[in-house]
Amino acid sequence: MSDPDPSVPRHVAIIMDGNGRWAKQRDRPRTAGHREGVKSVRAVVEESVRRGVGTLTLFAFSSENWQRPRSEVNILMELFMSALRGEVRRLNENNVRLRIIGERGAFPDKLQRRIAEAEELTASNVALNLQVAANYGGRWDITSATRRLVADALSGALDPDAIDEQAIASRLSFPDLPEPDFFIRTGGEQRLSNFVLWQSAYAELYFTDLLWPDFDAAAYGRALENYARRQRRFGRTGEQVETQAPMSAYGRG
């Protein structure tokens, strides 16, 4: 097997921000922006497969989004159900594996069953790992991992002196996948908003003023080309990076 192309991120994480503002600019309800945003999801999934990105993680619904108006939350749940019904077959036909990360126990039983069925249907696909973060928060992820760590230590399964970064990372949401190399946020805001906090410690950040429904395949392509021009150092100097083997840049995650 050939080495991965270092100019292509193995894992891209995206905060899909701006649906509500996109709708407001057009004097339409916020939910119209969410519906339009599904087209951008489809575009970045297809472009990720075409360019050889191994994993794509999309922030769909945060732990804090429950505080939004009840009517909007209900629409988001319906849209989630609808997307699972309408898109899963397409994902499966294109060899895309779907996984949902987050506290899914808060979702209606019917939605939880849909999620489980979609994950089972696509489990053996290899063209792209598509992760959708739903009812997810980075602090929730770290807290859950810490709780499991303490339980293992109390049960004697884990020596407290053996606790290190790997012991924590192995108990987070996706320990079997590389950490994000590239972190994109649309909508003009420049913050992480509690998304994959631990895993993005070494991610390259990219912020764009484009609202999510306007973030199409061409805009995603420009973001990936921006990533390709960056030098990833992981604490080393630029001179060290230029003289050492490229695989060093993949030394983490």
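This is a predicted model: local features need pLDDT of at least 70, side-chain atom pairs count only at pLDDT 80 or more; totals for chains, interfaces and linings use all residues.
In general, the strands of a sheet pair through backbone hydrogen bonds, and the pairing may be parallel or antiparallel. In this model, 6 strands form an open sheet with parallel pairing, in the order S3-S4-S2-S1-S5-S6. Its edge strands are S3 and strand S6 (204–207), each of which pairs on one side only. From one strand to the next, the twist averages 20°.

The pairing of S3 with S4 can be followed in detail. These two strands run parallel and are joined by 6 bridges. Ile 101, for example, has Ala 133 in S4 as its bridge partner.

**The largest pocket**

Rolling a probe the size of a water molecule over the atoms shows where empty space is left. The largest pocket holds about 1100 Å³ of space. It is lined by 46 residues, and those closest to its centre are Met 16, Val 41, Phe 59, Ala 60 and Phe 61.

Helix H1 (19–25), helix H2 (30–51), helix H3 (70–93), strand S2 (55–62), strand S3 (96–101) and strand S4 (128–136) each supply at least two residues. The largest share comes from H3, with 10 residues.

| Class of lining residue | Number |
|---|---|
| Nonpolar | 25 residues |
| Polar | 9 residues |

Key:
Residues are numbered from 1 along each chain as its sequence is written. Side-chain values use heavy atoms; hydrogens and water are left out. On a 1 Å grid over the protein atoms alone, a cavity is a set of points where a 1.4 Å probe fits but cannot get out, and a pocket is an open set with protein on both sides within 12 Å along at least five of seven lines; lining residues have an atom within 4 Å of a point. Grid points are joined across faces, edges and corners, and a volume is the space filled by probe spheres set on the points. Helices (H or I, at least four residues) and strands (E, at least two) are DSSP runs, numbered from the N terminus. Ala, Val, Leu, Ile, Met, Phe, Trp, Tyr, Cys and Pro count as nonpolar, Asp, Glu, Lys and Arg as charged, and the others, Gly among them, as polar. Two strands pair if DSSP finds at least two bridges between them. Axes are lines fitted to C-alpha atoms, for helices over the stretch in contact, and angles run from 0 to 180 degrees between N-to-C directions.
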